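Hi everyone, thanks for making time for this. I'd like to walk you through a few spots in a model, so please have a look at the screen.

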Amino acid sequence: MVRKDVKVKEVKAKSVLTKSRLAGSDYVINPYSGCAFGCSYCYADFIRRFTGHTSDEWGSYVDVKINAAEILEKELKRLAMKVQGQSLEPTVLIGSVTDPYQGIEAKYQITKKCLEVLSRSNCLASFSILTKSHLVARDINVVKKIRNISVGFTITTTDDEVSRLLEGNSPPVSLRLKALDQLNQEGVSTYVCVNPLLPHFVDNERRLRELFSAIRQSGNREIWLEHINLGGNKLRRIKAVLKKETPKVIKYFEVAKSEKYKADLNRLLFRILRDYDFEIGGGGIIDHKRRVIITNKANSYKKVKSGWRVEVIM
Ligand code: SF4
């Protein structure tokens with residue numbers, strides 16, 4: 001379901017497989033432009049400037065790339081030739097600046113068509129989907145046909161009220177946890193992105209343990225952790241949401257901009273994580289704003305993506 005006030009436009013994309021500057025991905029595929037989930041903390045709203053939506057509120061529009069699968073097929077052939085013989089498979093993320101399973105996907109099935117292209121491709125790449133929607137479970141059968149793919153859910157809390165407050169029109173987190181459990185039971189490789197680590201709501205030991213336990217109980221092993229990015233207009237957008245419902249919380253988000261807050265949280269996380277046997281995606285806690293990966297293991301990195309640094313805390 002898509003809200004009636006969301007502007008939906010069909011567009012023809014020139015390209016859908018693009019190079020990425022994200023820490024864990026070499027390429028990204030975005031079947032839509034814009035995202036009707038409209039999370040308050042979303043970092044992807046910068047994309048409005050490049051897609052003719054400067055004056056639209058983030059979350060109020062979706063452009064549907066109706067030819068995405070057709071273009072992807074050609075681009076994947078080129079990528080397959082380029083990476084032939086390489087020892088390391090490139091990583092391709094589906095859904096970096098949009099949610100590939102937002103409501104409109106139920107009707108247009110653009111993401112599903114892109115997955116069908118991947119299932120027929122001989123491109124030696126490692127694919128991952130990232131979503132906040134249980135709709136991805138609809139496509140389990142196609143996912144299973146893809147040689148190397150994992151399905152990731154963004155799960156930042158176990159509390160549906162918190163996700164309703166901060167994650168706009170995304171499905172409740174309880175539905176995501178159920179879908180994660182289902183995918184794990186079906187033998188699909190999964191991961192969870194705790195992105196962002198939510199100030200105040202999930203930054204103390206009790207809440208973090210609740211979150212990690214719920215993720216672990218779903219059968220998931222790989223977890224990505226990322227500090228909240230409050231640069232640009234993001235703090236202003238979050239404040240606007242909090243002001244209406246819980247203004248006292250605003251000060252905790254302001255504090256979360258400081259390096260001291262992040263350093264204290266890093267230490268707490270590394271202490272708690274010892275009890276959960278997670279595999280930490282990206283090799284450490286990601287601070288996207290400073291383009292830094294924080295690890296507590298010396299020499300854990302052989303090579304870091306260009307433009308990124310590693311900080312070791314013991
Ligand atoms: S689901 Fe992802 S892309 Fe969509 S608004 Fe939320 S954070 Fe942004």
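Let's begin with L115, which sits in helix α3, residues 110-120. When I say helix or strand, I mean DSSP runs numbered from the N terminus: H or I over at least four residues for helices, E over at least two for strands. Before going on, please keep in mind that this is a predicted model, where local features need pLDDT of at least 70, side-chain atom pairs count only at pLDDT 80 or more, and totals for chains, interfaces and linings use all residues. Residues are numbered from 1 along each chain as its sequence is written.

So, is L115 buried or exposed? L115 counts as buried because 26 C-beta neighbours lie inside 10 Å. The cut-offs are these: 20 or more other C-beta atoms within 10 Å of a residue's own means buried, 12 or fewer means exposed, and in between is partly exposed, with C-beta atoms placed from the backbone. Setting aside neighbours within four places in sequence, L115 touches D139, V142, V143 and I146; contact means C-beta atoms, placed from the backbone, within 7 Å.

Now on to helix α7, residues 205-217. Its 13 residues reach 18 Å from first C-alpha to last, close to the 18 Å expected at 1.5 Å a residue; that expected span is 1.5 Å times one less than the number of residues. Which residues of α7 are buried? They are L208, L211, F212 and I215. These cover an arc of only 95° around the axis, so they fall on the same side of α7; the arc is taken from the directions from the helix axis to the C-beta atoms. The buried residues pack against β9 (190-197), β10 (222-227) and α10 (259-273). On the face turned away from that buried side you'll find the exposed R206 and Q217. After α7 comes G219, with a positive phi near 90°.

Next, strand β5, residues 61-65, where four of the five residues are buried. Strand β1 (residues 7-11) pairs with β5 in the parallel sense over five bridges, with V8 opposite V62. Strand β4 (residues 32-33) pairs with β5 in the antiparallel sense over two bridges, and there S33 stands opposite D63. Pairing requires at least two DSSP bridges between the strands.

Last stop, the ligand. Among the residues around it are C35, C39, C42, D99 and K132, where "around" means a C-beta atom, placed from the backbone, within 6 Å. The shell divides into five nonpolar, three polar and two charged residues.

Key: Nonpolar A, V, L, I, M, F, W, Y, C, P; charged D, E, K, R; others polar. Contact = placed C-beta atoms within 7 Å.
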